[in-house]
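I opened a new page today to keep track of what I looked up in this chain. Here is the structure first, so that you can follow along.

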Amino acid sequence: MQHIGIVGGGIIGLSTAYYLREAGYAVTVFDQTVLADGCSYGNAGMIVPSHIVPLAQPGMIAKGLRWMLQPTSPFYVKPRLNADLIRWGWLFYKHSTNEHVQYSIPALRDISLLSKTMYQQLAQTMDFGWHERGLLMLYQTAAAEHELQHEADLANQSGIEARMLDQKQVQALEPDAEVTVHGAVYYPGDAHVTPRRVMETLIADLKSKGVQFLENHRVEGFAMNGSRVTAIRAGGEQYPVDEVVIAGGAWSPEVVKSLQLNLPLQGGKGYSFLLKDQSPQVRVPAIMLEARATATPMGQDLRIAGTMEINGTDLSVNMKRVQGISQSIQRYYPGIRVDLPAREVVWKGLRPCSPDGLPYIGRIPAYQNVTLATGHGMMGLSLGPGTGKLVSEIITGQSLSMDVAAFRPSRFQ
Ligand SMILES: Cc1cc2nc3c(=O)[nH]c(=O)nc-3n(C[C@H](O)[C@H](O)[C@H](O)COP(=O)(O)OP(=O)(O)OC[C@H]3O[C@@H](n4cnc5c(N)ncnc54)[C@H](O)[C@@H]3O)c2cc1C
């Protein structure tokens with residue numbers, strides 16, 4: 001039996017392990033941590049085929065610069081004289097165009113829809129809180145309405161249903177919780193899950209099928225023979241492999257450095273916290289556009305999340321920004337009481353952000369048996385199963401479920 005080593009046990013690594021195990025491979029997942037609380041666990045849980053416009057888009061740079069001046073704002077780039085950050089910023093700037101948005105839409109739509117189908121299949125046998133209630137993009141200002149109307153038009157043109165709702169129609173979708181908005185775009189095709197349950201269910205399923213997990217095993221490098229990786233080096237040991245998949249999230253650039261790939265990727269830090277036993281209850285997951293914060297019902301609880309700090313792999317908590325998130329909720333849901341959470345209970349995670357807003361999925365150029373799967377930014381949970389399926393198709397040599405040319409890892413080399 002051929003043996004695959006997967007670097008990284010986040011949602012991308014686990015989904016990849018799932019489809020490769022299904023395809024009959026022996027699989028080992030290496031992770032530098034104990035799998036319990038990484039970026040794939042505490043996120044907002046939204047499954048978002050609605051997100052077809054990449055983060056690199058016209059107007060984003062100007063908006064980002066304005067936000068950077070406010071300590072409670074939802075976006076921040078820590079200024080650093082760092083060559084990787086400067087390269088990333090330049091590439092982000094170059095891709096913030098209408099042409100890039102048009103180029104990205106079909107690829108993001110196809111992988112999102114593929115991934116949603118995979119989740120629907122998984123949800124038939126696994127219980128991880130799968131709900132298809134759509135997504136509300138709430139807005140309070142005319143400027144936000146303008147921006148969202150444009151995105152809704154793009155979505156409808158590309159086959160993703162989007163409906164503009166007025167305040168009354170929004171309230172009708174939320175019979176219990178009062179919503180203070182001018183209106184919203186409703187994406188009925190979106191869904192949500194409880195991410196921790198997705199991760200724990202997948203890990204249990206994979207273990208029951210014989211997938212090996214090596215936690216606290218940081219991958220330090222690879223043994224090579226010509227253009228093939230023959231073993232993974234971790235914890236002072238060598239583990240022979242036939243194929244390697246790198247799904248190291250925000251740390252992936254370090255992992256691929258020794259494989260002749262200079263990967264532009266930055267960690268985009270975000271925070272979340274849980275409001276326990278909520279009453280009144282929010283029914284439909286929502287993004288509060290002006291605040292760039294999110295609210296997702298998870299059982300009786302409501303998860304609040306937000307901010308994007310481009311800050312390398314630093315995981316410290318900036319309470320000013322957490323305050324920015326918590327203060328914004330009551331502006332949209334006045335009946336929900338939100339106290340500033342204590343620093344210790346604030347969850348933080350690093351989104352692996354590529355500069356063009358598209359993931360990296362595919363073989364890396366210099367090696368025949370290394371596949372990269374990362375860079376999913378704000379959408380890694382959504383795109384996990386679709387990515388896992390595509391990686392398994394690449395490795396088994398099956399025909400691909402979609403064209404992955406836009407995701408090729410070597411596009412910036
Ligand atoms: C606040 C917030 C809200 C979000 N909301 C959503 C949402 O609603 N919907 C959505 O789709 N996405 C959301 N995301 C994004 C999503 O969480 C990420 O895109 C996703 O978790 C990335 O998964 P990953 O597997 O690529 O990386 P990770 O989950 O970070 O996993 C990578 C793993 O690789 C391991 N690793 C790295 N280097 C090594 C090494 N050298 N050796 C061994 N192991 C290594 C790490 O320890 C880690 O466990 C959100 C993110 C944040 C921060």
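My entries follow, from the whole chain to single contacts.

**Ground rules**

I am working with a predicted model, where local features need pLDDT of at least 70, side-chain atom pairs count only at pLDDT 80 or more, and totals for chains, interfaces and linings use all residues. I number residues from 1 along each chain as its sequence is written, and my side-chain values use heavy atoms, with hydrogens and water left out.

**Entry 1: the whole chain**

I began with the secondary structure and found 10 helices and 20 strands in the chain; these are DSSP runs numbered from the N terminus, helices being H or I with at least four residues and strands E with at least two. Next I looked up the radius of gyration: it is 21 Å, close to the 22 Å from the globule rule for 413 residues, so the chain is as compact as a globular protein of that length. That radius is taken over C-alpha atoms, and the rule is 2.2 Å times the number of residues to the power 0.38. Along its principal axes, the C-alpha trace spans about 65 × 45 × 45 Å.

I then checked burial, and 58% of the 413 residues count as buried (under 20% relative accessible area; exposed is over 50% and partly exposed is in between, with a 1.4 Å probe and protein chains only). The accessible surface of the chain comes to about 16700 Å², and carbon and sulfur atoms hold 50% of that. The areas come from the Shrake-Rupley method with a 1.4 Å probe, and for residues only the protein chains shown count as cover. Among contacts in the chain with a separation of 6 or more, 75% are between residues 24 or more positions apart; contact means heavy atoms within 4.5 Å.

**Entry 2: strand β17**

How many of the residues of strand β17 are buried? I found 10 of the 10 in residues 301–310, so the strand is largely enclosed by the rest of the structure.

I went on to its partners, where two strands pair if DSSP finds at least two bridges between them. Strand β4 (residues 75–77) pairs with β17 in the parallel sense over 3 bridges, and I noted F75 opposite M308 of β17. Strand β14 (residues 266–275) runs antiparallel to β17, joined to it by 7 bridges; there, G268 has I310 as its bridge partner. Strand β16 (residues 293–298) is also antiparallel to β17, with 6 bridges, and A293 is partnered by G306. The hairpin of β16 and β17 has 2 residues between the strands, and in it G299 takes a positive phi near 65°.

**Entry 3: salt bridges**

I found 16 salt bridges in the structure, counting a side-chain nitrogen of Lys or Arg within 4 Å of a carboxyl oxygen of Asp or Glu.

Where do the two partners D356 and R411 lie? Their closest N and O atoms are 2.7 Å apart. D356 is in the loop between β18 (347–353) and β19 (360–363) and R411 is in the segment after α10 (380–396), so the pair ties together parts that are 55 residues apart in sequence. D356 is buried at 2% relative accessibility, and R411 is buried at 15%.

I also looked at R163 and E161, whose closest N and O atoms are 2.8 Å apart. R163 is partly exposed at 39%, and E161 is partly exposed at 43%. In the bridge of K209 with D205, the closest N and O atoms are 2.8 Å apart; K209 is partly exposed at 31%, whereas D205 is buried at 18%.

Is S158 buried or exposed? S158 sits in the loop between α5 (142–157) and β6 (163–166), and at 13% relative accessibility it counts as buried. Setting aside neighbours within four places in sequence, I found S158 in contact with I52, I105 and R109.

I placed I61 in helix α2 (residues 60–67), and it is partly exposed at 31% relative accessibility.
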